[in-house]
Amino acid sequence: MKKFSSFCLLLFFYTTSFSQSSIIKYLSGTDKDHTIQWDFYCSEGRKSGQWTKIAVPSNWEQQGFGNYNYGSDNLKKFTEQGIYKHQFATEATWKGKRIFIVFEGAMTDTKVTVNGKLAGPIHQGGFYRFKYDITDLVNASGQNQLEVTVDKQSANPSVNKAERNGDYWIFGGIYRPVYLEIVPQKYIDRTAINATSDGNFQIDVFIQNLKGGEIIEGQVQKLNGEKVGKPFTIKANTSAEFQQLKSSFHKPLLWSAEYPNLYQVVVNIKNKNGAILHCVKQKFGFRTVELRKNDGLYVNDTRIILKGANRHSFWPESGRTLSHNVHLMDVNALKDMNMNAVRMSHYPPDQDFLNVCDSLGIYVLDELSGSQNKYDTIVGRKLVKEMVARDVNHPSIIIWDNGNEGGWNRALDNEFKLYDPQNRTVIHPWEKFLNTNTKHYPDYKYVTQGLEKDSTVFFTTEFMHGLYDGGAGAALDDFWKAMNKYHANAGGFIWALIDEAIIRTDKNNVYDTYGNHAPDGILGPHREKEASYYAIKEIWSPIYIDPKPIDAKFDGKILVENRYSFTNLSACTFKWKLVKFPGAVSKSTAATTTLSGAAAINLAPGAKGTLNLKLPAAWVKNDALYLTAYDKDKEEVFTWSWPITAPSAIAKTPIMSVRMPITATESGNDLIINSNRIKYYFDKTTGYITKVVKPNATISLSGGPVLAGVNTTLKEFTHKEVNGQYIIEVDYTGDASLHVKWTFAFSKPVELEYSYKQTGDVDFHGITFNYPEEKVTGMKWLGRGPYRVWKNRLRGQLFGVFHKDYNNSTTGETWKYPEFKGYHAEINWVVIENKEAPITVYTDDKNIFLQMYQPSRANGATDKVMPPMPTGGIGFLNGISAMGTKFQEAKQMGPQSQKNILTGSPITGTLWFEF
């Protein structure tokens with residue numbers, strides 16, 4: 001992944017090296033972190049009815065003004081109006097030039113006056129750049145008074161329906177920058193480029209005020225200014241709508257998400273004497289995008305699969321007012337998850353976000369607003385022009401979206417190509433339209449059976465709805481395998497990238513997700529990473545490995561598939577290491593590397609092969625194998641891990657004690673085992689352990705072992721001494737059978753052996769205990785981590801030793817990650833830290849899941865995203881429950897999402913307890 005460090009906020013280029021370049025003068029600040037105070041008056045709501053100051057750009061709700069409302073909230077359609085005033089001075093260098101005032105975005109209807117005179121028609125549409133020619137309104141010298149009136153609700157009903165009824169927070173204000181653009185009398189208003197993968201280059205140059213005799217010149221350059229090819233020119237045609245320059249280049253470097261090669265073109269207007277009248281510079285990329293019927297989506301004659309997320313423009317403290325750092329953070333997160341695409345739901349983003357996508361390499365679906373409701377044709381045509389004219393030159397944009405989920409005006413479908421010489425595909429997200437099928441939230445049956453009867457190119461523009469901890473990475477593994485079997489598959493976009501929890505300035509800065517409407521993200525509001533982040537990173541890895549368990553017969557060879565479109569794996573790097581882990585009593589969690597090495601493979605895109613690690617013979621003496629793949633830019637693609645040492649072979653800590661007989665006493669219903677100076681209490685009427693008493697602490701472990709989720713009754717409880725050991729055996733009958741055997745021996749941990757027989761389809765199965773949650777302070781474990789898992793979201797976690805303090809974080813509602821509570825995979829041992837005394841438990845068995853309590857139920861969560869869990873506090877399980885999405889139950893989500901099928905065959909396990 002390339003690093004993007006230059007600050008490139010605007011399309012327009014200014015430098016002192018060109019005396020006739022456009023001049024950009026900001027009247028506002030440039031982003032959420034760099035604002036300028038303007039005078040402000042709010043008509044209603046908080047801090048209304050008085051003149052004060054406000055930061056520009058901003059959403060006024062986040063500055064303490066007006067009212068909050070969410071787009072789906074039809075009961076509160078607040079209509080506050082904001083009036084802005086600001087003064088700016090005319091500069092001497094502007095004499096004889098044209099002066100434009102440019103608004104990158106204002107919500108929603110915007111009226112602009114300069115020195116008391118209207119700059120132009122009131123602008124309607126909150127997500128689009130617009131500008132006015134104010135040359136004749138500004139004073140020749142001295143100060144100018146700018147006044148801007150912004151209505152949060154539009155006077156145009158269709159604008160309100162298209163923009164304000166969406167599934168997102170509704171804001172008001174001038175939330176993107178405002179600046180002056182000063183240009184010569186003869187000036188280039190905009191350009192539209194079509195640079196194809198065969199090296200052909202065309203640029204439509206829209207020039208104002210040509211008189212005749214001018215020369216239009218283009219020169220393609222590398223980004224460092226080095227010229228590429230010769231300049232190309234045409235004589236101006238004053239009767240043409242635009243001047244079209246053409247050239248061709250031999251084997252230019254092509255743009256793709258994997259190789260985001262950019263060029264720039266310098267365009268000059270020259271007079272008859274060769275003097276430059278106006279100059280602009282525009283970045284672009286050579287690339288060709290094709291949607292091939294019954295086949296797929298192609299970039300540069302190569303099939304691509306879109307792996308993306310839906311992204312809103314959002315930051316919790318500032319609403320839709322963002323910054324370059326936020327854009328960079330989001331694109332880097334997409335790249336780090338091995339995504340290659342983003343859908344701009346449900347409106348076009350800041351211009352700088354697209355600049356970052358161009359530079360780092362992300363395919364973009366750019367979307368005209370229209371969330372289930374469409375613009376009328378008159379205003380829609382204007383907004384299509386504003387969106388496409390602003391964004392047309394970004395190579396990252398491969399598709400235009402005409403609205404969303406019924407919010408498309410079909411009369412606008414042919415408007416896009418009027419401003420786009422590339423004639424990009426136009427889609428209707430969620431509809432079968434022309435040769436595309438972008439169905440939203442298909443279930444697994446649709447993907448495996450419905451697509452077989454289809455012939456359109458399939459790429460779902462919303463799927464795997466990530467409400468709270470649901471969806472996103474859960475069931476993605478099965479869906480992705482099924483989608484890739486469809487010949488015309490072109491991928492999909494997960495809903496959504498970000499939990500949109502706004503910080504409410506009217507409620508002591510609490511986070512508000514409007515119930516279950518906005519907590520849909522893979523990332524938290526400040527880009528905190530959920531477990532799905534890492535599951536997606538593994539499943540969507542372009543270097544794909546389906547890790548199988550390894551044993552003593554492992555020969556160091558691993559099957560690999562190259563899922564890149566353009567990159568041979570010879571350009572990538574593979575590094576392996578063998579590690580040993582600290583024991584349960586160690587204060588460290590860090591693994592020790594004993595051996596390491598590198599590997600390589602020459603594997604073309606789409607091919608499968610074998611990566612030979614050439615491990616030394618001593619590999620079997622280690623605890624785990626790690627393999628890390630790095631891409632061509634030396635960024636980590638993913639790290640896979642394999643345990644080597646079997647759980648039963650892990651050394652348990654000897655119990656240091658004076659050798660004393662193990663005794664048993666009875667008191668009422670209690671059986672008390674005294675072993676190694678620790679007393680273990682059992683209830684003879686239930687067979688359960690009730691507490692453990694050490695010389696210096698009482699440990700409140702109780703209520704088990706219980707067969708998770710099953711009603712049983714005590715059949716028999718026996719205890720006896722055998723060869724200096726003391727054994728308790730308990731049998732239960734009922735809906736299932738359970739046999740329990742406790743063994744107490746000198747200088748050894750307490751051994752618990754269990755065996756159960758159970759039939760039926762169950763959400764989970766295994767044994768559980770009770771321990772007061774309020775006494776738990778943390779846990780350390782050897783297993784997969786550090787995040788919790790679900791049955792259909794096991795991918796993405798590393799095998800190792802981890803530690804985390806107790807938290808009660810609710811995914812998508814509070815954001816202290818990784819969450820403490822839930823299932824944890826491949827447990828070998830765990831130390832349960834608490835306020836009494838640590839409880840250490842080892843298992844002799846592979847693939848045991850540790851249950852640590854039940855995650856708190858989020859506000860408004862449904863059973864689809866709150867799977868059943870055992871009622872016990874601490875469980876050692878052989879099977880766990882799967883996670884659904886907002887729209888689908890887990891059972892609709894594929895093989896890994898089904899319940900666990902038990903046939904009555906015995907299931908056995910062994911645990912060792914140290915107190």
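Q: Where does Pro316 lie?
A: In this predicted model, Pro316 lies in the loop that runs between β25 (306-310) and α2.

Q: Why is Pro316 called buried?
A: A residue counts as buried when its relative accessible area is under 20%. Pro316 has a relative accessible area of 0%, and it is therefore buried.

Q: Which residues does Pro316 touch, not counting residues up to four places away in sequence?
A: Pro316 touches Gln62, Ala501, Ile502, Ile503, Tyr511, Pro525 and His526. Gln62 is 254 residues apart from Pro316 along the chain, yet their C-alpha atoms are separated by 8.9 Å.

Q: Which residues of α2 and α3 meet?
A: From α2, His324, His327, Leu328, Asp330, Val331, Asn332 and Lys335 take part; they meet Asp352, Phe353, Val356, Cys357 and Leu360 of α3. By type, the residues of this contact comprise 6 nonpolar, 3 polar and 3 charged.

Q: What makes helix α1 mostly covered?
A: Of the 8 residues in α1 (residues 157-164), 6 are buried. These are Ser158, Val159, Asn160, Ala162, Glu163 and Arg164. They pack against β4 (69-70), β12 (169-170), β27 (363-371) and α4 (377-391).

Q: How do you know that Ser541 counts as buried?
A: The cut-off for a buried residue is under 20% relative accessible area. Ser541 is at 1% relative accessibility, and therefore counts as buried. Its place is in the loop between α7 (531-539) and β36 (543-544). Leaving aside neighbours within four places in sequence, Ser541 is in contact with Asn338, Ile536, Arg563, Val637 and Trp640.

Q: Which residues of the largest nonpolar core touch the most other members?
A: The core has 72 residues, and those touching the most other members are Met339, Leu368, Phe463, Ile494, Ile522, Ile536 and Trp540. Residues that Leu368 touches, beyond four places away in sequence, include Tyr128, His346, Tyr375, Leu383, Met387 and Phe416. A second, separate core of 53 residues includes Ile699, Tyr726, Ile827 and Ile839. In soluble globular proteins, nonpolar side chains tend to be buried together.

Methods: Residues are numbered from 1 along each chain as its sequence is written. This is a predicted model: local features need pLDDT of at least 70, side-chain atom pairs count only at pLDDT 80 or more; totals for chains, interfaces and linings use all residues. Side-chain values use heavy atoms; hydrogens and water are left out. Contact means heavy atoms within 4.5 Å. Helices (H or I, at least four residues) and strands (E, at least two) are DSSP runs, numbered from the N terminus. Ala, Val, Leu, Ile, Met, Phe, Trp, Tyr, Cys and Pro count as nonpolar, Asp, Glu, Lys and Arg as charged, and the others, Gly among them, as polar. A nonpolar core is a set of buried Ala, Val, Leu, Ile, Met, Phe, Trp, Tyr and Cys residues joined through side-chain atoms within 4.5 Å. Buried means under 20% relative accessible area, exposed over 50%, partly exposed in between (1.4 Å probe, protein chains only).
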